[in-house]
Amino acid sequence: MDNFVIKFNEFEGPLDLLIELIKKRELDIYDLPMSVITKDFINSIEVMKENDIEVTAKFTAMASLLLKIKTQMLLPSSKEIDPRTILVKEIEEYEKYKSNLERIKELQFIEHKYFKRTKRDVSKKKKKGSILDVVNSYNLIMRKKQLKERNMKLEELSKKLSESKFTIDDRMNYLKDLSNETIEVENLFEQINDLEEMVVTFSALLELVKLQFFRIELINEKVLLVKKVS
Amino acid sequence: MDKHAVESVLFVAKEPLTSEKISKILNESENTINRWLSELEKDYEQRGIRIRRVAGGFEMVTSEQYHEVIEPIVPKEYEFLSKPVLETITIIATFELETSMAVRKSKIGKYRDVKNPDSGIESALSLGLIKETAQGYLTTNEFLKFFGINDLRELEEKLQQIKR
């Protein structure tokens, strides 16, 4: 018997190999001679191994299936139920799938020759992305979060200020009503313990200087506010 | 109302329209609409535009012999499906055509000869080309539209037709 061996690169799976072997010998798939095809298949696997082609578990599984069917053929029950039936059906289905696959590939090209109103419905929205897209969206979200945080802080601050027990107007009146003609700035602030009160008082002070209610004098390096006599 | 009303509806439609839908739009019987549609199909046989049947509906497309003229002016986004998606949908279409039944994941994995068929299935699902049912996977109308065919049987017919 000849050794039917094939070049292997073109096979994706065991069914491809099996179909190729059947075609090479021009076997009738409805009456497969199991001993022939099993031998061919096992020989082919051996050649694959010799040529350092990876023999996946699926090839060995197919080989043992073929052996199993071959043995079953010897049993009397094989007269009633042909043990090859499932395998044959599988081969037929697989061939049909492969020929449809070629058809469908070609149909894609053919369909591109037709133009219509909107053709992009099916696969337009998807585009391959990269890790950069993920980084970009991460940065975008971080920036948004930072902005939000800052805005929240500002809001809190302005809310605090509006709730503040001290207002610039009050402090201005307070300073105006002080009985002394001169105020020593250092003393004025030393008496205040509250930070907020200090800030507001300082603002009031600036405002009064601007309004020329006070004049600023330096005596012995001490800063004095002197009420202007109206 | 005459067949030219149908013509104008088809002209603006962005999706294939069934005769049922057109009959509702125009408030005419489906029989009448079907007659008009057949007449229009004939009228358009020798034109730069065709009326063809896709996914059980009707749509206007340019005639395929002029695609080279059109391509430069309509920058078309060519969408070719990836190998895993093509294989997945072909297996489903093949067995659906044979048995009219849904196809299970194990079968897809077996015929594609891959350990894990999930990503191909996921992509096909997200493209809307297949749908999931309790019994397995089936092709969708979107599948038919993508390949410009009326039903699965046309997979074979259409190719023979074009090669002629």
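Look for A:Ile183 in this predicted model: its bridge partner in S3(A) is A:Leu225. In general, the strands of a sheet pair through backbone hydrogen bonds, and the pairing can be parallel or antiparallel.

If you follow the sequence, the pattern reads α-α-α-α-α-α-β-α-α-β-β. Of the 230 residues in chain A, 13% count as buried.

Let us move to the place where the two chains touch. Here 28 residues of chain A are in contact with 35 residues of chain B. On the chain A side, the largest share, 13 residues, comes from helix H4 (residues 85-111) of chain A. That side of chain A divides into 9 nonpolar, 6 polar and 13 charged residues.

Next, look for the nonpolar cores. The largest has 39 residues, and B:Ile89 and B:Ile92 have the most contacts inside it. Both chains contribute: H1, H2, helix H3 (57-72) and H4 of chain A each supply at least two residues, and so do helix H5 (83-99), helix H6 (105-112), helix H7 (118-126) and helix H8 (141-147) of chain B. The largest share, 6 residues, comes from H5(B). Which residues does B:Ile89 touch, leaving aside its neighbours within four places in sequence? They are B:Ala124, B:Leu129, B:Ile130, B:Thr139 and B:Phe143. There is also a second, separate core of 11 residues, which includes B:Ile22, B:Leu37, B:Ile51 and B:Phe58.

Strand S3 (residues 130-133) and strand S4 (residues 136-139) of chain B run antiparallel and are joined by 4 bridges. A hairpin of 2 residues connects S3(B) to S4(B). Within this pairing, B:Lys131 has B:Leu138 in S4(B) as its bridge partner.

Finally, compare two loop residues. A:Glu26 has a positive phi of about 55° although it is not a glycine, and B:Ala55, also not a glycine, has a positive phi of about 50°. A:Glu26 sits in the loop between helix H1 (14-24) and helix H2 (34-50) of chain A. B:Ala55 is in the loop between strand S1 (49-54) and strand S2 (57-62) of chain B. Is A:Glu26 buried or exposed? A:Glu26 is exposed, because 6 other C-beta atoms lie within 10 Å and the cut-off for exposed is 12 or fewer. B:Ala55, on the other hand, counts as buried because it has 21 C-beta neighbours inside 10 Å, where 20 or more are needed.

Methods. Residues are numbered from 1 along each chain as its sequence is written. Chains are lettered from A and ligands numbered from 1 in the order in which they are written. This is a predicted model: local features need pLDDT of at least 70, side-chain atom pairs count only at pLDDT 80 or more; totals for chains, interfaces and linings use all residues. Two residues are in contact if their C-beta atoms, placed from the backbone, lie within 7 Å. Ala, Val, Leu, Ile, Met, Phe, Trp, Tyr, Cys and Pro count as nonpolar, Asp, Glu, Lys and Arg as charged, and the others, Gly among them, as polar. Two strands pair if DSSP finds at least two bridges between them. A nonpolar core is a set of buried Ala, Val, Leu, Ile, Met, Phe, Trp, Tyr and Cys residues joined through C-beta atoms within 7 Å.
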